Amino acid sequence: LMYHKVIGGKKKKKQKDILKSLDYLLRTQKPEEQKYVKVLSGSKYDIINFNKYSMNKEKENPYICSVLSFEEENISEELKTKIITEFEDLLFAGIEPENRPPVLWVEHSDKGRIELNYLTFNQLQDKRAYTVYYDKSDRKLVNTYSEIINYQYNLSSPLEEKTHHNSLIVKP
């Protein structure tokens, strides 16, 4: 099961401080949980530098922190790389790679399932605003991509009838 959920970066929820999201993703305040954390791509320092020197501080939702949650306990490294690459191409469709903001991908495995968390900005390298994920228009696109991956790789789906559901999903 691959399921997308936004977990940070919303002004109305007072989530404008990117350092709190970095602390959560990297579990910097909880050393005992760091064994469940693996940085897959990107760098904490790229994120901090972009935030410090490039980011428009007046932006309502300056960044996005989201998770791709899997019901499975493990998936291959090859599949993780494929999903990360394709998902970034989906989020930044039409944007040249050198103009994309930095993206940090962090894997969490502490809940008995795989979670691929990402953090990136709603602004491009050339300082133009760009909303990475706008729920009203992007949810169907992301859900469709998720279902394609679920089908191609025989992963469980939030649309299947079953007795145990992923705890992130309230309503598919």
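Tutor: Start with Gln123, which sits in the loop between β5 (115-121) and α4. Keep in mind that this is a predicted model.

Student: Is Gln123 buried or exposed?
Tutor: Gln123 is buried, because its relative accessible area is 2%, and buried means under 20%.

Student: Which residues does Gln123 touch, leaving out those up to four places away in sequence?
Tutor: Phe50, Ser54, Met55, Asn56, Pro101, Arg128, Ala129 and Tyr130.

Student: Let's zoom out. How many helices and strands does the protein chain have?
Tutor: There are 4 helices and 5 strands. From the N terminus, the order is β-α-β-α-β-α-β-β-α.

Student: And how much of the chain is buried?
Tutor: Of its 172 residues, 44% count as buried. The accessible surface is about 10,000 Å², and carbon and sulfur atoms account for 50% of that.

Student: New topic: helix α3. What is its span from first C-alpha to last?
Tutor: Helix α3 covers residues 77-91, so 15 residues, and reaches 21 Å. That is close to the 21 Å expected at 1.5 Å a residue.

Student: Which residues of α3 are buried?
Tutor: Leu79, Lys80, Ile83, Ile84, Phe87, Glu88 and Leu91. They cover an arc of only 160° around the axis, so they lie on the same side of α3.

Student: Why do residues three or four places apart point the same way in an α-helix?
Tutor: Because an α-helix has 3.6 residues a turn.

Student: On to charges. How many salt bridges are there in the whole structure?
Tutor: A search finds 12. One of them pairs Asp89 with Arg100, with the closest N and O atoms 3.1 Å apart. This pair links distant parts of the chain: Asp89 is in helix α3, while Arg100 is in the loop between α3 and β4 (104-108), 11 residues apart.

Student: Are those two buried or partly exposed?
Tutor: One of each. Asp89 is partly exposed at 41% relative accessibility, and Arg100 is buried at 14%.

Student: Which residue does Glu115 pair with?
Tutor: Glu115 forms a salt bridge with Lys111, and their closest N and O atoms are 3.3 Å apart. Glu115 is buried at 3% relative accessibility, whereas Lys111 is partly exposed at 40%.

Student: Last one: where is Asp138?
Tutor: Asp138 lies in helix α4 (residues 135-152). Asp138 is buried yet has no salt bridge.

Student: What does Asp138 touch, then?
Tutor: Not counting residues up to four places away in sequence, Asp138 touches Val132 and Tyr133.

Terms used: Residues are numbered from 1 along each chain as its sequence is written. This is a predicted model: local features need pLDDT of at least 70, side-chain atom pairs count only at pLDDT 80 or more; totals for chains, interfaces and linings use all residues. Side-chain values use heavy atoms; hydrogens and water are left out. Helices (H or I, at least four residues) and strands (E, at least two) are DSSP runs, numbered from the N terminus. The expected span of a helix is 1.5 Å times one less than its number of residues. Buried means under 20% relative accessible area, exposed over 50%, partly exposed in between (1.4 Å probe, protein chains only). The arc is that of the directions from the helix axis to the C-beta atoms. Accessible areas come from the Shrake-Rupley method with a 1.4 Å probe; for residues, only the protein chains shown count as cover. Lys and Arg count as positive and Asp and Glu as negative; His and the chain ends are not counted. A salt bridge is a side-chain nitrogen of Lys or Arg within 4 Å of a carboxyl oxygen of Asp or Glu. Contact means heavy atoms within 4.5 Å.
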